[in-house]
2 protein chains.
Amino acid sequence: MTSSDRLEQVLALLRAGGGRITSPRRAILSALIDHGGHPTAEQLTADVQSRQPDVHESTVYRFLDELERLGVVDHVHLGHGPAVYHFADDPHHHLVCDGCGVVVEVPVKTLEEFQRRVRRDLEFEMELRHFALPGRCGACVGPARAGAAGGAGS
Amino acid sequence: MTSSDRLEQVLALLRAGGGRITSPRRAILSALIDHGGHPTAEQLTADVQSRQPDVHESTVYRFLDELERLGVVDHVHLGHGPAVYHFADDPHHHLVCDGCGVVVEVPVKTLEEFQRRVRRDLEFEMELRHFALPGRCGACVGPARAGAAGGAGS
DNA sequence: ACGTAATTGCGTCCAGGTCGCATCTAGGGC
DNA sequence: GCCCTAGATGCGACCTGGACGCAATTACGT
């Protein structure tokens, strides 16, 4: 699927739900597709404003909320900072390193057995879609502990 | 150990580290001991101010930070709201229900095998001390789904 | 009792959003 | 092709949760 296929597909979904297609919305969606990784609302706003300076931050927040209601994107809290967004297809969990901030994507099935055990033993249905698991990546915990400088504490 | 034993013990630790014992600090510590559960800084402030109205919110934040540096308490982010505090002895993890907000304490060893597997398979050292695992408790996911009303969404 | 470094209250500031409102516009109906 | 109106936008004010600088106060070693 090309980027513009995806863009048109989401716009069609939006239209089908009674939503309207506006120039800010096209721009926000393009920025989201082009970014690829896990952008924050602020990063998306900056990307959009570099081409359309009048698009307001709150428009970005509201449209991201709507995309989430439509099931197109999910937000994830990586720790203390702002939330990040990613497309909801190919769902995955997130590990985020307190040391260097790197985000590791984990396939959903990797944690399935653990979730089953928690459900069985503790009668609790974990839902990790919107919260990353914090910790330290191999590079930050490993050989060069002394080198672990920049980071996002807890 | 009685409450006042605990209080004096922490005060001694504080004194040993060059810290001073003041009336706000006694009051904050008493409030923390008396509360028992997982109070927020705001709740502790309210408790303290009911007896000593002049104690300021920022004093509570600063003293909690110091208690954390001393290893006396830990803070935990339960989700979207404010952080909560608990004594650092008897360490445990937290499950928090998005539906009703209940906090379930989980012994550290319950998750040890899972942490080992993540470390081995993904080269990542999970650190769950400061973040709860979100989800739904049995009561909220179970029989009466329709009844799940009040809550703390994601 | 004194000196001084630690602590406090206060006010201001910050991030990360959320909301109300007047204005504008997309796009269905004609 | 032009209206009409519900939906979307820009803007600014507001909110929570917490951090910070500063001057005044105070604990406590000597």
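User: Which element gives the largest share of the surface near DNA strand C?

Analyst: In this predicted model, H4(B) gives the largest share of that surface, 4 residues. The elements that give two or more residues there are helix H4 (57-69) of chain A, together with helix H2 (23-35) and helix H4 (57-69) of chain B.

User: Which residues come nearest to DNA strand C?

Analyst: There are 24 residues around DNA strand C, and the nearest are A:Ile21, A:Ser58, A:Pro82, B:Gly19 and B:Thr59. Sorted by class, the surface near DNA strand C holds 8 nonpolar, 10 polar and 6 charged residues.

User: Which element gives the most to the surface near DNA strand D?

Analyst: For DNA strand D, H4(A) gives the most, with 4 residues. At least two residues each come from helix H2 (23-35) and H4 of chain A, and from helix H3 (41-51) and H4 of chain B. Of the 26 residues around DNA strand D, the nearest are A:Gly19, A:Thr59, B:Ser58, B:Pro82 and B:Ala83. The classes on this surface are 8 nonpolar, 11 polar and 7 charged.

User: How should I read the packing of H3(B) and H4(B)?

Analyst: Two packed helices are described by the angle between their axes and the distance between the axes. Here the axes of H3(B) and H4(B) come within 9 Å and cross at roughly 120°. The two helices, H3(B) and H4(B), are therefore oblique to each other. H3(B) passes H4(B) in a right-handed crossing.

User: Which residues of H3(B) and H4(B) meet?

Analyst: From H3(B) come B:Ala41, B:Leu44, B:Thr45 and B:Val48, and they meet B:Glu57, B:Val60, B:Tyr61 and B:Leu64 of H4(B). This contact has 6 nonpolar, 1 polar and 1 charged residues.

User: At what angle do H3 and H4 of chain A pack?

Analyst: Helix H3 (residues 41-49) of chain A packs on H4(A) at an angle of about 120°, and their axes are 9 Å apart. H3(A) and H4(A) are therefore oblique to each other, and their crossing is right-handed. In H3(A), the residues A:Ala41, A:Leu44, A:Thr45 and A:Val48 meet A:Glu57, A:Val60, A:Tyr61 and A:Leu64 in H4(A). By class, the contact has 6 nonpolar, 1 polar and 1 charged residues.

User: What rotation and shift superpose chain A on chain B?

Analyst: Two copies of a chain are related by a rotation about an axis and a shift along it. In this model, chain A is superposed on chain B by a rotation of 180° with 0.0 Å of shift along the axis, at an RMSD of 0.0 Å. That is the relation of a two-fold axis. In chain A, the C-alpha nearest the axis belongs to A:Phe114, 3.4 Å from it.

User: Through which surface do the copies meet?

Analyst: The copies meet through the same surface, because 100% of the interface residues of chain A are also interface residues in chain B.

Methods. Residues are numbered from 1 along each chain as its sequence is written. Chains are lettered from A and ligands numbered from 1 in the order in which they are written. This is a predicted model: local features need pLDDT of at least 70, side-chain atom pairs count only at pLDDT 80 or more; totals for chains, interfaces and linings use all residues. A residue is near a molecule or strand if its C-beta atom, placed from the backbone, lies within 6 Å of it. Ala, Val, Leu, Ile, Met, Phe, Trp, Tyr, Cys and Pro count as nonpolar, Asp, Glu, Lys and Arg as charged, and the others, Gly among them, as polar. Copies are superposed by least squares on the C-alpha atoms of residues with pLDDT of at least 70 in both. Two residues are in contact if their C-beta atoms, placed from the backbone, lie within 7 Å. Axes are lines fitted to C-alpha atoms, for helices over the stretch in contact, and angles run from 0 to 180 degrees between N-to-C directions. Angles under 35 degrees count as roughly parallel, over 145 as roughly antiparallel, 65 to 115 as roughly perpendicular and the rest as oblique. A crossing is left-handed if the near helix is turned anticlockwise from the far one by less than a right angle, and right-handed if clockwise.
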